[in-house]
Amino acid sequence: MTKLVRDIMRKGLLTCLPDTSLGQVATLLTQHRVHALIVSKPTEAPLGVISDFDLLAGEWLSVDKESLTTMKSLTAGDLMTSPIDTVEADVPVKDAARTMLEKQVHRLMVIENHKPIGVISISDFVAGIARQTKANRETVRDVMSDAFLVCREKTPIISAARTMTQTHWRSALVVDARGKPKGVVTGRDLLQFVGSSVDEGLTVGDVMNPALTTIDINASLNEAANQMIQNHQHRLVVLDRNDPESFPLGIISSFDIVAEMARPGSIWQS
Amino acid sequence: MTSGSIGMGEQDQAEREKFENELKSILKACEGSGILLRVIGSLAFQLHCPEFGFLQAAMGRAYTDIDFGAYGSQSKQIQNLMTSLGYVENREVFIASEGERAIFDKAGTGLHVDVFYEKLDFCHTIYWKGRLEVDSPTIPLVELLLEKMQIVKINEKDVIDTIMLLLEHPLGDDDKETINIKRAAMLCSNDWGLWRTTTMNLGKVQQLAQGYDQLSPEQKSKVGSQVQGLIARIEQEPKPLAWRLRARVGDRVKWYKEVDEVQ
């Protein structure tokens, strides 16, 4: 039987008001362990969606005191994407995945009888999220994940997808026999196989993105946000610039930066 | 727009010829040397606009110096060239700018040469990489246009140069006596700040052109249609996520670097 969007969607909408501050949005995203909130006013139709990637603008553009003050004054309504891309609840999952690929979006609002009833995201297809908060989080070193998922180019796609789901990771670093990074495979790369049988011979090397963006472990979060936004990537491979040929030290994702923004005591919560 | 600024005022023909002849001497000395020294600024517009170049003098646009764009790897050769022509370098500028700019003066002549290495870095950055080979003896027309359009507090002299350029050259997708709008659109779609300033200034140029008595109604109309063509092409270019995200923040965060008046 064909799996429909309603079968795997996250029921209900996690929302925030348009005047919610970016710091508050970061807190909500972290508390609910989601990557986006629907922006809406009570009893009105949703206005837009704000994601962890949108919040990166806070770190990206806060290059001095003046811009930080301005960015802290912005709200979900200012940075949200509008209108929201939608999908009908009875659409096959495969079609929803294709829509996400075509529109280059990470989530769709699920509609039934012209009313929103849930959200479907890449995470629903592949994995959830799991991050541990640290006390001091100001640089890439403080925020990144030290432990991360690794596979080889020859790893079968089915195996990679299974491991990503079991470990709740949204991506895996692809390395060669000597541990040198060759690319990253993400949930987005696997979307094309949703709803269809996967050729057992297909490997991670066939679908991974070889365009790796790296960052030094001592770089600031502002630099990390800048790299992610400029390269339109949700994660960066963390290297030691003094020994760039060595095995990567970690992975930093957009969600890691948002978690820092949500941390009590961070500049975004003051 | 700033008026009454450097670069505006009456300048007699002899004074204009002094700058033009000196530029010819420098370019002649460059010939066969392998040095890519490309003219930018007012003299570049004059060189590239043989039909409408008269507007500079007619509108009170004066030469103040001779400006070039060049590659940093040739800075030593350029220093030797200028020394051989009787110029003395202000070495402090080169050191303070970390090799991005060199200023040469010719004693007793009032002549002053400014060389910008690798890029023009004022309100926004215009990089030379791969572009100095495209045209000669000036930088390509689209870079000439962007040299002016990247100035947030644009001056009358910059508006006059832009009007000349738009009257003289058609818009197109290459650089052969054409303003390469494909490149302008690409650069503006990669940088929201450059898009913001460029489109703002194009609007100003269109508006201010209507006020010049030196331009005929047809010429004013031509400037307008060229500006509209440029803006339409820039808007049509797909914008990446970074651009769209920056656009949502808009003018609330400063989108340009503060600089002193660009000469």
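**Entry 1: backbone of chain A and chain B**

I looked up His114(A), which lies in the loop between β6 (107–112) and β7 (115–121) of chain A. Helices here are DSSP runs of H or I with at least four residues, strands are runs of E with at least two, and both are numbered from the N terminus. The phi angle of His114(A) is near 65°, a positive value in a residue other than glycine.

I noted that this is a predicted model, in which local features need pLDDT of at least 70, side-chain atom pairs count only at pLDDT 80 or more, and totals for chains, interfaces and linings use all residues. Residues are numbered from 1 along each chain as its sequence is written, chains are lettered from A and ligands numbered from 1 in the order in which they are written, and side-chain values use heavy atoms, with hydrogens and water left out.

I then checked the cis peptide bonds. One joins Ser82(A) and Pro83(A), with omega about 0°; Pro83(A) sits in the loop between α5 and β5 of chain A. Another runs from Ser136(B) to Pro137(B), with omega near 5°. Pro137(B) belongs to the loop between β7 and α6 (141–149) of chain B.

**Entry 2: salt bridges**

I counted a salt bridge where a side-chain nitrogen of Lys or Arg is within 4 Å of a carboxyl oxygen of Asp or Glu. Over all chains the structure holds 24 of them. In one, Arg6(A) pairs with Asp90(A), and the closest N and O atoms are 2.8 Å apart. Arg6(A) lies in helix α1 (residues 5–8) of chain A and Asp90(A) in the loop between β5 (86–88) and α6 (93–103) of chain A, so the pair ties together parts that are 84 residues apart in sequence.

**Entry 3: the interface**

I asked how many residues of chain A are in contact with chain B. The result is 16 residues of chain A against eight residues of chain B, where contact means heavy atoms within 4.5 Å. The size of an interface is often given as the accessible area lost when the parts come together. Chain A and chain B bury about 1,100 Å² between them, 70% of it on carbon and sulfur atoms; this area is taken with a 1.4 Å probe and summed over both parts.

Two salt bridges cross this interface. Asp54(A) forms a salt bridge with Arg248(B), with the closest N and O atoms 3.1 Å apart. On the side of chain A that touches chain B, the elements giving two or more residues are α3, α4, α5 (76–79) and α12 of chain A. Of these, α3(A) gives the most, with five residues. That side divides into nine nonpolar, five polar and two charged residues. Ala, Val, Leu, Ile, Met, Phe, Trp, Tyr, Cys and Pro count as nonpolar, Asp, Glu, Lys and Arg as charged, and the others, Gly among them, as polar.

**Entry 4: the pockets**

I took a pocket as an open set of points on a 1 Å grid over the protein atoms alone, where a 1.4 Å probe fits, with protein on both sides within 12 Å along at least five of seven lines; lining residues have an atom within 4 Å of a point. Points are joined across faces, edges and corners, and the volume is the space filled by probe spheres set on them.

The largest pocket has a volume of about 890 Å³. Its lining has 32 residues, and among those nearest its centre are His124(B), Asp191(B) and Trp255(B). The lining divides into 14 nonpolar, nine polar and nine charged residues.

The second largest pocket holds about 560 Å³. Its lining has 26 residues, with Thr81(A) and Arg244(B) among those nearest the centre. Here α11(B) gives the most to the lining, with four residues.

Technical notes: Buried area = accessible area lost by both parts, 1.4 Å probe.
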